[in-house]
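Colleague: Could you take me through one part of this model at close range, the surroundings of the ligand? I would enjoy one connected account.

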Amino acid sequence: MLRVEQVSHAFRNAKESVPVLHDINLTVEKGTMVALLGSSGSGKSTLLNLMAGLMKPDQGKIWIADQDIVRLGENRLAEFRRSHIGFIFQSYELLSNLTVRENVELPLVFMGVSPSKRKTKALSLLEQVGLAPKAALFPSQLSGGQQQRVSIARSLITEPSVIFADEPTGNLDTETEEEIITILQRLNREMRTTFVIVTHEAEVAEQMQVVLTLQQGRLVRETVQQAGVKEK
Ligand SMILES: Nc1ncnc2c1ncn2[C@@H]1O[C@H](COP(=O)(O)OP(=O)(O)O)[C@@H](O)[C@H]1O
Ligand SMILES: [Mg+2]
């Protein structure tokens, strides 16, 4: 489903090249929920952004649904990302001048789906995350946890092959964090959505089926926590 092969990456400034990821290899099976765990600066966001096609690695291959996304040109990559990849940001990234429902619909607007289809689908996803009654409100009228639930619904609306989330509970208190993790687990179970979730908290990672641990740009451990997930 998702495979990273011999990926290395460095950031360059005027003077030097700073290596950030070293020979990363990993496989994520369809329908699993994977945590990418590591301390601040270990390279989690960089790896996630590479896997989501937001950046190109210096070296290596990244396969999603049988396509090496590193090889895709800008236009085809944008199209591929729209139909195969979902993303959940720590800071939600909702548009403040659109209603909750319109935010959830937005990815389908870019795909040319008809308004009535978009609306039905958005309302059904808002139902799934417990926010149907808030559909007509604006993001600023919701709590942080509710805004993140909207962004989860938005990430699901194109039925992507995989959803990447960068510290999705990073701005939330512990109780709300638990709520969000529970929702993601239920969506993973019921819709068989594949999730890769970045966190620096071991307690969050332990609730995922697979934990990949990054240390100073190297993948140092892969722990499989539940039966039914294939070992590497
Ligand atoms: N755009 C960038 N330019 C230069 N260095 C960067 C950039 N993004 C990240 N880095 C560096 O790469 C390393 C890994 O960063 P990051 O992937 O954000 O780690 P994490 O998400 O685990 O905290 C850090 O040392 C960071 O300073
Ligand atoms: Mg980060």
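Modeller: Helix α1 (residues 44-51) gives the largest share of the shell around ligand 1, three residues; helices here are DSSP runs of H or I with at least four residues, strands are runs of E with at least two, and both are numbered from the N terminus. This is a predicted model, in which local features need pLDDT of at least 70 and side-chain atom pairs count only at pLDDT 80 or more, while totals for chains, interfaces and linings use all residues. Residues are numbered from 1 along each chain as its sequence is written, chains are lettered from A and ligands numbered from 1 in the order in which they are written, and side-chain values use heavy atoms, with hydrogens and water left out.

The shell itself consists of Phe11, Val20, Ser39, Ser40, Gly41, Ser42, Gly43, Lys44, Ser45 and Thr46, where a residue is near the ligand if one of its heavy atoms lies within 4 Å of it. By class, two of these residues are nonpolar, seven polar and one charged; Ala, Val, Leu, Ile, Met, Phe, Trp, Tyr, Cys and Pro count as nonpolar, Asp, Glu, Lys and Arg as charged, and the others, Gly among them, as polar.

Now to the polar contacts, meaning pairs of N or O atoms within 3.5 Å. The side chain of Lys44 has an N or O atom 2.8 Å from an oxygen atom of ligand 1, and for the side chain of Ser45 the distance is 2.9 Å. Thr46 places a polar side-chain atom 2.5 Å from a ligand 1 oxygen atom. Overall, the protein covers 53% of the 560 Å² of accessible area that ligand 1 has on its own (Shrake-Rupley method, 1.4 Å probe).

How values were computed. Polar contact = N/O pair within 3.5 Å; in protein donor to acceptor, adjacent residues only side chain to side chain.
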